[in-house]
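Reader: Could you walk me through the inside of this protein, starting with its core? I would like the cut-offs as we go.

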Amino acid sequence: MEENVESKEESIKREDDPLKKNFIDVDSPKEASTLINTNSQDSNKQKVGGENSIPSKIKPKKELPIEKKPFNVFINDHLLPSIIQEFKVRGLEVADINLKNTSRPIAGDKCWVIFCEIKDICSFWLSFEKDDISSLKSISLCKSDQKPSVIESFLIDEKRITLKLIISRILQRLNGQKLIGIN
């Protein structure tokens, strides 16, 4: 009994002592462990969302490269406007440009086809076998007053297809046929 009285007296002395104000007296190691875990969880809550919280460094989500976006988004929001802009910079006017799931010129098989008509100069059809920019592609082109007669493979050796690559190769094909006069 004397020990109990002494421990209570010591406990009271500890509470009065300003240096040992946060001291907690527990009877078993299990209680101590529970108290420690509870206190650490409380301090974590305080850091994350409490009034005294420290602002955490939130990394903004890295936006997908445009080439990784869904096919229709890539084509309609990025490729078609970029094609129009490239021809405009060269002083040419795009009379019509669109993407349709339709018959490929000459071959007649159904696929995704970008049709582009450059006013009074030429037309071209860029075909994608699937709704994926990495799928097999072909191109057909002709002068404005003619129909296409040849299908050529398009970007077959490229591992990484990018917006700039597609546009540069379209320009290269049209220039190679002397249709847009970049030479």
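Author: The largest nonpolar core has 34 residues, and F87 and L174 are those with the most contacts inside it. A nonpolar core here is a set of buried Ala, Val, Leu, Ile, Met, Phe, Trp, Tyr and Cys residues joined through side-chain atoms within 4.5 Å, where buried means under 20% relative accessible area, exposed means over 50% and partly exposed is in between, with a 1.4 Å probe and protein chains only.

Reader: Which elements give two or more residues to this core?

Author: They are α3 (71-89), β1 (94-103), β2 (110-118), β3 (122-128), β4 (137-143) and α4 (163-176). The helices (H or I, at least four residues) and strands (E, at least two) are DSSP runs, numbered from the N terminus.

Reader: What should I keep in mind about the model and the numbering?

Author: This is a predicted model, in which local features need pLDDT of at least 70 and side-chain atom pairs count only at pLDDT 80 or more, while totals for chains, interfaces and linings use all residues. Residues are numbered from 1 along each chain as its sequence is written, and side-chain values use heavy atoms, with hydrogens and water left out.

Reader: Back to L174, what does it touch?

Author: Leaving aside residues up to four places away in sequence, L174 touches F87, I118, C122, F124, L141, L179 and I180, a contact being heavy atoms within 4.5 Å. There is also a second, separate core of 5 residues, which includes V113, F115, W125 and C142.

Reader: How many aromatic pairs are there?

Author: The count comes to 4 aromatic pairs. Rings of Phe, Tyr and Trp (its six-membered ring) pair if their centres lie within 6.5 Å, and planes under 30 degrees apart count as stacked, over 60 as edge-to-face and the rest as tilted. F87 and F124 form a tilted pair, with 6.5 Å centre to centre and 45° between the planes. Because F87 lies in helix α3 and F124 in strand β3, this pair ties together parts that are 37 residues apart in sequence.

Reader: Are F87 and F124 buried or exposed, and how far apart are the ring centres of F115 and W125?

Author: F87 is buried, and so is F124. The ring centres of F115 and W125 are 5.3 Å apart and their planes are at 45°, so that pair is tilted as well. F115 sits in strand β2 and W125 in strand β3, 10 residues apart, and both F115 and W125 are buried.

Reader: Changing topic, what lines the largest cavity?

Author: The largest cavity is lined by I83, E86, F87, I167, I170 and L171, and α3 and α4 are the elements that give two or more residues to that lining. On a 1 Å grid over the protein atoms alone, a cavity is a set of points where a 1.4 Å probe fits but cannot get out, a pocket is an open set with protein on both sides within 12 Å along at least five of seven lines, and lining residues have an atom within 4 Å of a point.

Reader: And which residues lie nearest the centre of the largest pocket?

Author: Of the 13 residues that line the largest pocket, E67, K68, I133, S134 and I161 lie nearest its centre.
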